[in-house]
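Here's a quick tour of a protein fold for you. Have a look at the sequence and the structure, then read on.

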Amino acid sequence: MDNTKTVHLADDDEDDRMLFKEALQEANPEVKVVEAQNGKELIENIKNADDLDDTVIVVDMNMPKMNGIETIKAIRDDLQLSDVPAVMLSTSNNPELKKKAMEAGATDYFTKPNSFMALIDIAKKIFFKFFR
């Protein structure tokens, strides 16, 4: 039985994706990270996944084609995907934006930090909260 934890990560900024992937791997070296550049690509990746057990979606707020809120709404509207935890990452700590993300169906919301150590802390929180 495969016990791999999978994170589907969508962010249009390649550097941000790379940093968060490294933070996730620092928090759990066994994690499998599936990257996407936008919400549409993310949803395709998730729908093509063999198994969504032990899976968390991490989505950036500002992306082309489909932003984070639109992406989370689409995930929540899809019966096959609606139970998968979806975490919003944003450069903004605006409470109104966080409220919109949570109303759209985000399971959690984190503001992108300025340091790699703080990013590792977010990754650890995601593992602790969703992968038990």
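This is a predicted model: local features need pLDDT of at least 70, side-chain atom pairs count only at pLDDT 80 or more; totals for chains, interfaces and linings use all residues.

Residues are numbered from 1 along each chain as its sequence is written, and side-chain values use heavy atoms, with hydrogens and water left out. Helices (H or I, at least four residues) and strands (E, at least two) are DSSP runs, numbered from the N terminus.

**The sheet**

- Five strands form an open sheet in the order β2-β1-β3-β4-β5, with parallel pairing; two strands pair if DSSP finds at least two bridges between them.
- The edges belong to β2 (32-36) and β5 (108-111), each with a single partner strand, so one side of each has no neighbour in the sheet.
- On average, neighbouring strands here are turned by 20 degrees against each other, ignoring direction.
- Strands of a sheet pair through backbone hydrogen bonds, either parallel or antiparallel.

**Strand β3 and its partners**

- β1 (residues 6-10) and β3 (residues 55-60) pair in the parallel sense over five bridges.
- Along that pairing, Thr6 stands opposite Thr55, and Ala10 has Val59 as its bridge partner.
- β3 also pairs with β4 in the parallel sense, over four bridges, and Val58 has its bridge partner Val87 in β4.
- β3 is mostly covered, as six of its six residues are buried (under 20% relative accessible area, with exposed over 50% and partly exposed in between, using a 1.4 Å probe and protein chains only).
- In a regular strand the side chains alternate between the two faces of the sheet.
- Here, Thr55, Ile57 and Val59 point one way from β3, Val56, Val58 and Asp60 point the other way, and all are buried.

**The helices**

- Helix α1 (residues 14-27) lies across β1, β2, β3 and β4 (86-90), and runs at about 165 degrees to β2.
- Helix α3 (residues 68-77) packs against helix α4 (residues 95-104) at about 20 degrees, with their axes 8 Å apart; axes are lines fitted to C-alpha atoms, for helices over the stretch in contact, and angles run from 0 to 180 degrees between N-to-C directions.
- That makes α3 roughly parallel to α4 (angles under 35 degrees; over 145 is roughly antiparallel, 65 to 115 roughly perpendicular and the rest oblique).
- Ile69, Ile72, Lys73 and Arg76 of α3 make the contact with Lys100, Ala101 and Ala104 of α4, where contact means heavy atoms within 4.5 Å.
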